[in-house]
Amino acid sequence: MQDFSGKVAVITGAASGIGLGCARTFARAGMKVALCDLRADALEHAVANVRALGGEAIGIPTDVSRHESVEHAAGEVVRAFGKIHVAMNNAGVVLRGLPMTDVSDNAWNWVLGVNLYGVIHGIQSFVPLIRAHGEGGHVVNTASMAGLHVGDRQTGAYSASKFAVVSLTEALEKDLAGTNIGVSVLTPAAVATDIYSNSAGLRAGLAEPNPFPETPPDIAAGLTPDQVGERVLAGIRAGQFYLITHPDTRSWVMQRHTRLMAAYDFAEAWEAEQKVQG
Ligand SMILES: NC(=O)c1ccc[n+]([C@@H]2O[C@H](COP(=O)([O-])OP(=O)(O)OC[C@H]3O[C@@H](n4cnc5c(N)ncnc54)[C@H](O)[C@@H]3O)[C@@H](O)[C@H]2O)c1
């Protein structure tokens, strides 16, 4: 996708952080932007922020973990702007600092409900509408470096949700091969957002302690959301699938692949030994 002026983008989790950074970037590129989020007050501020840039924007209170809520949002975007060209399934929450034995079913359901089902619902509701008008478009699903590499932060549920987003986005690219709809998966490392405090405010009813209610220093020192927005726009324009925002994370992925290749070496040696013995 090359031409953004006058096109329509819908972004979930757009009341703050990366979603808002992308809304601002898309608006600067001349797009009309529909911002969806669970936090209605923050959403209002975000819409005002995008409008202050001269952008055409609407806000739609949405719970991405509920299929019917995302379906309703999709209808509202079409009602306001006529079409959808770019869908960014970005809403997310974080759960960090607990071994998985201490993570309850409620917490798993919360993390998977937002981070994984939120993306699934966006694919179900937005993609058919992009296909319907035939003008083409792009789908961006927000995963994380935690979807390409498991760090040592005790983020098992978060990481599982993000690995799933990477794999289902790879599958979506295959589903849409040969169409004029591009697909990307966004895999940032640290971005300076309020995801920790926002998630703390949204985790009502969870029994487990929250070791990280405030923004940790590594996140505070991350890229700005607008820098990520510019990276996403450049990635869409270039038709790139993996949107890597932090080139310095190359070694994280290499470590995982080196381990996998070592496992292949072991398997080959084992198979050869079996043949000799057999
Ligand atoms: N900040 C980082 O370092 C970082 C790194 C990698 C990936 N990410 C991912 O980027 C995405 C955006 O996060 P962010 O860092 O901008 O944080 P953020 O908290 O600013 O944005 C996430 C938004 O999702 C919204 N949200 C939560 N539950 C929702 C629900 N059920 N329905 C609708 N909206 C809901 C929140 O209200 C919030 O506005 C997330 O998917 C996150 O996992 C963030």
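Tutor: Start with α1 and α2, where Leu20, Ala23, Arg24 and Ala27 of α1 meet Ala46, Asn49 and Val50 of α2. Two residues count as in contact if their C-beta atoms, placed from the backbone, lie within 7 Å. By class, the contact of α1 with α2 has five nonpolar, one polar and one charged residues. Here Ala, Val, Leu, Ile, Met, Phe, Trp, Tyr, Cys and Pro count as nonpolar, Asp, Glu, Lys and Arg as charged, and the others, including Gly, as polar. The model is predicted, and local features need pLDDT of at least 70, side-chain atom pairs count only at pLDDT 80 or more, and totals for chains, interfaces and linings use all residues. Residue numbers run from 1 along each chain as its sequence is written. The helices are DSSP runs (H or I, at least four residues; strands are E, at least two), numbered from the N terminus.

Two packed helices are described by the angle between their axes and the distance between the axes. Axes are lines fitted to C-alpha atoms, for helices over the stretch in contact, and angles run from 0 to 180 degrees between N-to-C directions. For α1 and helix α2 (residues 40-52), the angle is about 25 degrees and the axes are 9 Å apart. α1 is therefore roughly parallel to α2. Angles under 35 degrees count as roughly parallel, over 145 as roughly antiparallel, 65 to 115 as roughly perpendicular and the rest as oblique. The crossing of α1 and α2 is right-handed, a term used if the near helix is turned clockwise from the far one by less than a right angle, with anticlockwise giving left-handed.

Next come the partners of α4. Helix α3 (residues 67-81) packs on α4 at about 25 degrees, with axes 8 Å apart, so α3 and α4 are roughly parallel to each other. Their crossing is right-handed. On the α3 side, the contact takes His67, Val70, Glu71, Ala74 and Val78, and on the α4 side His121, Gly122, Gln124, Ser125, Phe126 and Leu129. These divide into five nonpolar, five polar and one charged.

With helix α5 (residues 156-175), α4 makes an angle of about 15 degrees, the axes being 9 Å apart. This pair is therefore roughly parallel as well, and the crossing of α4 and α5 is right-handed. Residues of α4 in this contact include Ala107, Trp108, Val111 and Leu112, and those of α5 include Ala157, Tyr158, Ser161 and Lys162. The contact of α4 with α5 holds 13 nonpolar, two polar and one charged residues.

Two of these helices also reach the ligand: α1 (17-28), α4 (105-133) and α6 (195-202) each supply at least two residues of the shell around the ligand. By class, this shell has 13 nonpolar, 15 polar and four charged residues.
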